[in-house]
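The sequence and the structure come first.

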Amino acid sequence: MHPVAARIALLCDEVAPLLDEAGRQSAATLRDTVAEPLRVAVVGRVKAGKSTLVNALVGRRIAPTAAGECTRTVTWYRYGAPERAELHLHDGTRRDLPLHDGRLPAALGTPAEEVARIVVHLQAAALREKTLIDTPGLATLTTSNEDATRAAVLGAAPDDADTASRYAAGQADAVLFVFREAQRQDEVEFLRQFRTATGELGASAVNAIGVLSQADLFGDGGSDPFAAADAAAARLADARAADVSAVVAAAGLLAETARTGLIRESDARALAATADVPEQRLRLRHRLPLPDGIDVAALERLYTTLGVHGVHEGRHHCAAGAHQLVTWLETVSGLGRVEDLLRHGLLCRAHALKAMRAMTVLTRAADAPQADTGAVLALIEQARLDPALHPVRELRALRHLVAEAPTSPLRAELERVSADSSDAARLGLAETAAAGDIAGEARGRAAAAQSEAAFAMLPAEAEAGRVLARSYQLIARRAGS
Ligand SMILES: Nc1nc2c(ncn2[C@@H]2O[C@H](COP(=O)(O)OP(=O)(O)O)[C@@H](O)[C@H]2O)c(=O)[nH]1
Ligand SMILES: [Mg+2]
């Protein structure tokens, strides 16, 4: 077990006897799940493109994207065999949910209000290091959707006032926020609630990333929609710097089509046959028949799986066959950038993010009337100071820094040091660096960070300097000096 996870498991064991019954259950659950992959909740408004993006990331067309019952239920996609889907009911029981052609069915066969969540186990490589939680969405016509989403991420429904929300075990360690267009007030409000409810996880900038979806629909039709979407994503990232660490634009639909084997050679041929047809003529195809030799049925299917821009632009990238078209779709969709952001923005700090959530849940449980509050908080404080949990301190320092001094030069340094990488990489040294060189470099940096802390103008910078100094001291110690 990773040292961070092991220390959290120990903390759970230490505090459990001092909590009340609900708190003990929370601690036991945390202990059992501490070594699991990072849980990333995909949130955003209904029809933002969340389920499409999940399908693209997983590489399967499993999540329904039409408006069936499943789109209104929180669904977990986790790594597991045999591949199967289960309904987890509120009463604690489970029921198998048969897949149809590898997809979730439109109907659950159980009253929706009895279902807590759907859990899908897949042997998809993308799920080895993260569990994706697809949520129904916010600001919908029915408040039950919204409650389900909040409960999945925040751990408790809004009206679920006392006991449950006290242990509000936000189920997610991190959030992938899907913006469809410029941010709406409800999305901003949700990010704020997420921060409040997850306490320690506070600064969304360390646990949340953003995707501006449906990038192929941007622009005015004439110019390149992806360039327009990139510009909009950059503006959004600026405006929401405190809520998400970065925003990238992506076209989930194009990525889903490219990644799920939907494109056949016959599709590429059908598309290539339209290469010389004027775009206007294609747009009017329902009124004016297209020239001979064009497979109209195949073309209509392509409009559904590629979108209008995907068809109109893609027909110039398929002369060499399906492989060329898929490569083009993969590239323009921007999914690779979403994956990079997941990796560098969240997964590289998975252990610390999971530990932060665990400590938040335990801190809340300490508040219960029957818990020995003082003793529990003392044990949590002791864990906080343990070198094994230093990554959590790094994350907290980073959170404060991003909130108070986002342009501080210490930010990049803290980001690099807090990533799950080798000590050599943390110092910017070659992987082959000798232990003596690592120790020497680390000692020098510790001294520099200490003086940064001493001369810092802002409290967040002083904290960052102190934490960095400690990080470098620990590296020097590991290198054996
Ligand atoms: N053109 C285009 N349509 C998309 C894209 N992503 C999703 N859609 C469509 O938007 C609708 C809603 O998508 P869905 O993933 O179900 O949204 P959710 O409610 O957020 O899960 C579906 O009809 C999708 O086909 C995209 O990147 N481009
Ligand atoms: Mg959906």
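Helix α8 (residues 225-239) has 15 residues, and its first and last C-alpha atoms lie 21 Å apart, close to the 21 Å expected at 1.5 Å a residue. The expected span of a helix is 1.5 Å times one less than its number of residues. Helices (H or I, at least four residues) and strands (E, at least two) are DSSP runs, numbered from the N terminus. The buried residues of α8 are P225, F226, A229, A232, A233 and L236. They fall on the same side of α8 because they cover an arc of only 120° around the axis. The arc is that of the directions from the helix axis to the C-beta atoms. On the other side of α8, R235 and D238 are exposed. Buried means under 20% relative accessible area, exposed over 50%, and partly exposed in between (1.4 Å probe, protein chains only).

This is a predicted model, in which local features need pLDDT of at least 70, side-chain atom pairs count only at pLDDT 80 or more, and totals for chains, interfaces and linings use all residues. Residues are numbered from 1 along each chain as its sequence is written, chains are lettered from A and ligands numbered from 1 in the order in which they are written, and side-chain values use heavy atoms, with hydrogens and water left out.

Two other helices can be described in like terms. An α-helix has 3.6 residues a turn, so residues three or four places apart point the same way. Helix α2 (residues 21-33) has 13 residues and runs 19 Å from its first C-alpha to its last, close to the 18 Å expected at 1.5 Å a residue. In α2, the residues G23, S26, A27, L30 and T33 are buried. Their arc of only 140° around the axis puts them on the same side of α2.

Helix α16 (residues 373-385) has 13 residues and should span 18 Å at 1.5 Å a residue, which agrees with the 19 Å between its end C-alpha atoms. V376, L379, I380, A383 and R384 are buried in α16. These residues cover an arc of only 145° around the axis, which puts them on the same side of α16. The exposed residues G374 and L385 are carried by the face of α16 turned away from its buried side.

Two single residues follow. R426 is found in helix α19 (residues 423-426) and is buried, with a relative accessible area of 14%. L290 sits in the loop between α11 (279-283) and α12 (296-314), and L290 counts as buried at 12% relative accessibility. The table gives a C-alpha separation for each.

| Pair | Separation along the chain | C-alpha distance |
|---|---|---|
| R426 and L414 | twelve residues | 9.3 Å |
| L290 and T274 | 16 residues | 9.1 Å |

The last topic is the ligand site. Oxygen atoms of ligand 1 take part in polar contacts (N or O pairs within 3.5 Å): a backbone N or O atom of K47 lies at 2.7 Å, and a polar backbone atom of G49 at 2.9 Å. A polar side-chain atom of T52 lies 2.5 Å from an oxygen atom of ligand 1. The protein covers 82% of the 580 Å² of accessible area that ligand 1 has on its own (Shrake-Rupley method, 1.4 Å probe).

Terms used
A polar contact is a pair of N or O atoms within 3.5 Å; within protein, one must be able to donate a hydrogen and the other to accept it, and residues adjacent in sequence count only if both atoms are side-chain atoms.
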